[in-house]
Amino acid sequence: MSIENLRGIEAFIKAVDHGSIAAAARRLGITPAAASQSIARLERQLGARLLLRTTRSLALTDAGQVYFARVRDTVMQLEHAHAAVTELCGEAQGELKIACSVAFGRHVVAPLIPAFAERHPRVATELLLTDFAVDHVKEDVDVSIRFNAQLEPGLVARRIATVPIFLCASPDYLRRAGRPLKPEALREHACLVFRLPVHGRLLPWGFVRGGERFEPELRPTVVSNDIDALAAMAVAGAGIARLGSFVAGEHLAAGRLEALFATPCSTGAHADPEPLEFFACWRDRQYVSPKVRAFVDFISEALHGHPRLQPPALPRKAGRRR
């Protein structure tokens, strides 16, 4: 098989995977005209039309469907073989695209990327922060970092962190509205709730009491798709927010927010907020490329004992004067 054929096959597969020849060209680092010419040359050599092109869409012909099914795995195996040889040389390399939920990526993952780049100088990293659903194939994502509610079938998931969760409110709000003594009392308070962009539903507030998980009734007064925005509103006294330690920690340590349900109460109805678990996810169950393995191993190690994933040191409250 000639180099020209391989280029045409690669352009064809990328065009199908990413929905357009222009997108395929971007992934391959060539011009749309070059990608189109490679596919057209392949079609001439096969004597069959593979793609139906319009200005707005791309569709497979019957011949294209058969050809795509046969050659996609072959090209993937060639990519795996190339990566395996690279691995024998002892160094991960190439472009690595990481997708991560916004708040966790901003506060935890992004500050770790320079250390990963220093350890693996031949890997060029792109970090995509989004809470929307990520398609690994169409968006050319190598590994995504997701929390429980973002997991989906078809991906390999490796747990990399368990994050403490805090129900928080400002001292000003608690003076005005009172302090709820148990999660069931949240229905009487202003709740600042996160809407999951993945499916549009509100993120539930899970608790564990006596080994049993439950979700209390809430009274959402503010809804947002940004955790940092909810934290800012909680600091401003708008209500109670459910925050991971990587967002709540600094506010709790500084006294801008206070943690609720942190200690057993006299009613005996103590419950712990359900922690948030994060996973590194990738597509191929049979093969993990050296660059993906290097990053997953690195992030797992870096998050173990990470200070932003630990319960913060809370400020001491002054004793009452007699």
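Which side chain meets R213 in a salt bridge? I looked it up in this predicted model. The partner is E274, with N and O 2.9 Å apart. R213 sits in strand 10 (residues 212-214). E274 sits in the loop between strand 14 (272-273) and strand 15 (276-282). The pair therefore ties together parts that are 61 residues apart in sequence.

I checked accessibility next. R213 is partly exposed at 42%. E274 is also partly exposed, at 23%. I then found that E215 belongs here too: R213, E215 and E274 form a network of salt bridges.

I found a salt bridge from R179 to E258, with the closest N and O atoms 2.3 Å apart. R179 lies in the loop between helix 7 and strand 8 (191-194), while E258 lies in strand 13 (residues 258-260), so this contact joins parts 79 residues apart in sequence. Is E258 buried or exposed? I read a relative accessible area of 19% for E258. The cut-off for buried is under 20%, so E258 counts as buried. R179 is partly exposed, at 38%.

I saw its side chain meet that of D172 in a salt bridge, 3.2 Å from N to O. Both residues belong to helix 7 (residues 171-177). They are four residues apart, so about one helical turn separates them. R176 is exposed at 53% relative accessibility. D172 is partly exposed at 35%.

Last, I noted the total. The count comes to 13 salt bridges.

Definitions and conventions. Residues numbered from 1 in each chain as written. Predicted model: local features only at pLDDT ≥ 70, side-chain atom pairs only at ≥ 80, totals over all residues. Heavy atoms only, no water. Salt bridge = Lys/Arg side-chain N within 4 Å of Asp/Glu carboxyl O. Helix = DSSP H or I, 4+ residues; strand = E, 2+ residues; numbered from the N terminus. Buried < 20%, exposed > 50% of the residue type's maximum accessible area, 1.4 Å probe, protein only.
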